[in-house]
Structure formats: C-alpha cells, structure tokens
Amino acid sequence: MKKKEWILTGIIVLAALLMLAGMKYFPRKEGTNETAQPVQTEDPDHSVPMPEEKAEGEWIAVVNRAKVILYFDSAVDGEYEVEGNVGHMVIEVKDQMWHVKEVDCYDYTCQHMGWIGTESILPIICLPNDIVIIDAATASEMVTR
Ligand SMILES: [Zn+2]
C-alpha cells in the first residue's frame with residue numbers, strides 16, 4: 001500500500017472509533033432527557049409518586065390495577081382524564097367535591113354515584129375500569145408501589 005492509502009485507512013478507522021464512542025455517549029444523553037419528563041408519565045409497574053407539597057384540601061388518589069395513576073387536590077377545581085381498563089374517565093372536581101363526568105363504562109355505576117366529598121363514606125368505584133377514587137392514605141394501603 002502507498003503512504004496515501006495508509007493515511008486514508010487510518011482516517012476510516014478513526015472515524016469508526018468516533019462513531020462507536022458516539023453510540024456509547026448518545027444513549028446516556030437520551031437517558032438524562034427522560035428524567036426531565038413530567039411526573040405523570042405512564043409507568044405500568046409503579047404508582048405515580050404522591051405530590052410532596054401539602055394539598056389545599058386532601059390528596060385524592062385514582063387507583064387502577066392496584067396502582068395510583070393520578071393524585072388530585074380535593075380543594076382545587078379542575079378536570080382530570082384517566083385511562084381505565086375499558087376506556088377513558090373524566091373526573092370533575094368542584095367546591096371540594098368530585099364526580100365522574102364522563103366515562104367509557106358498562107354499567108355507569110361510577111357516574112350514578114354522583115358527587116363525593118372527603119366526608120363521604122363510599123369511594124367512587126368503577127368495576128369495569130378497575131378504578132377506585134379514594135383518599136391518598138387509604139390508597140397507599142391498597143396499592144403496589
Ligand atoms: Zn363505571
């Protein structure tokens with residue numbers, strides 16, 4: 001081989017090494033991006049972490065398949081959409097009460113339960129969707145972390 005060809009081979013080898021180094025480096029970079037995603041990322045194996053700040057009312061947990069998929073503050077008006085086993089459910093929170101506003105369900109028992117507050121004895125339960133809407137303390141007893 002001529003000297004020029006040796007140099008060319010050297011450059012190709014160097015480029016290949018750089019690519020290998022790049023492949024090792026870039027997945028790590030993607031990993032750090034993942035941790036920057038919002039807290040409500042769907043993780044099939046774990047409950048979402050309970051918010052660290054104190055709730056204005058109480059933290060209410062939405063439990064699906066023995067995992068908390070959402071926490072909401074009972075004193076903060078709002079609407080939350082979650083996915084159950086059958087389909088979606090929209091939970092509306094207003095005046096420290098909450099109810100199932102919309103749901104894909106077989107029997108609509110959950111919707112017919114109407115407005116529930118922290119004083120209510122029964123939690124909202126949707127059997128078809130395997131969803132229970134219950135205070136966070138009780139939820140922590142029934143979920144896998
Ligand atoms: Zn239901």
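This is a predicted model: local features need pLDDT of at least 70, side-chain atom pairs count only at pLDDT 80 or more; totals for chains, interfaces and linings use all residues.
A residue counts as buried if 20 or more other C-beta atoms lie within 10 Å of its own, exposed if 12 or fewer, and partly exposed in between, with C-beta atoms placed from the backbone.

Residues are numbered from 1 along each chain as its sequence is written.

I131 sits in strand β8; strands (E, at least two residues) are DSSP runs, numbered from the N terminus. I69 is 62 residues away from I131 in sequence, yet their C-alpha atoms are 9.5 Å apart in space.

Now for contacts, meaning C-beta atoms, placed from the backbone, within 7 Å of each other. The table leaves out residues up to four places away in sequence.

| Residue | Touches |
|---|---|
| V63 | V68, I131, V132, I134, A139, M142 and V143 |
| I131 | V62, V63, N64, G84, M89 and C126 |

Next, the nonpolar core: a set of buried Ala, Val, Leu, Ile, Met, Phe, Trp, Tyr and Cys residues joined through C-beta atoms within 7 Å. The largest one has 24 residues, and A61, V62, V63 and I133 have the most contacts inside it. Its largest share, 5 residues, comes from β1.

Finally, the sheet. Strands pair if DSSP finds at least two bridges between them. Here 4 strands form an open, antiparallel sheet in the order β3-β4-β5-β6. β3 (78–83) and β6 (116–117) stand at the edges with a single partner strand each, so one side of each has no neighbour in the sheet. β6 pairs with β5 over 2 bridges, and G117 in β6 is the bridge partner of M97.

Note on methods: Two residues are in contact if their C-beta atoms, placed from the backbone, lie within 7 Å.
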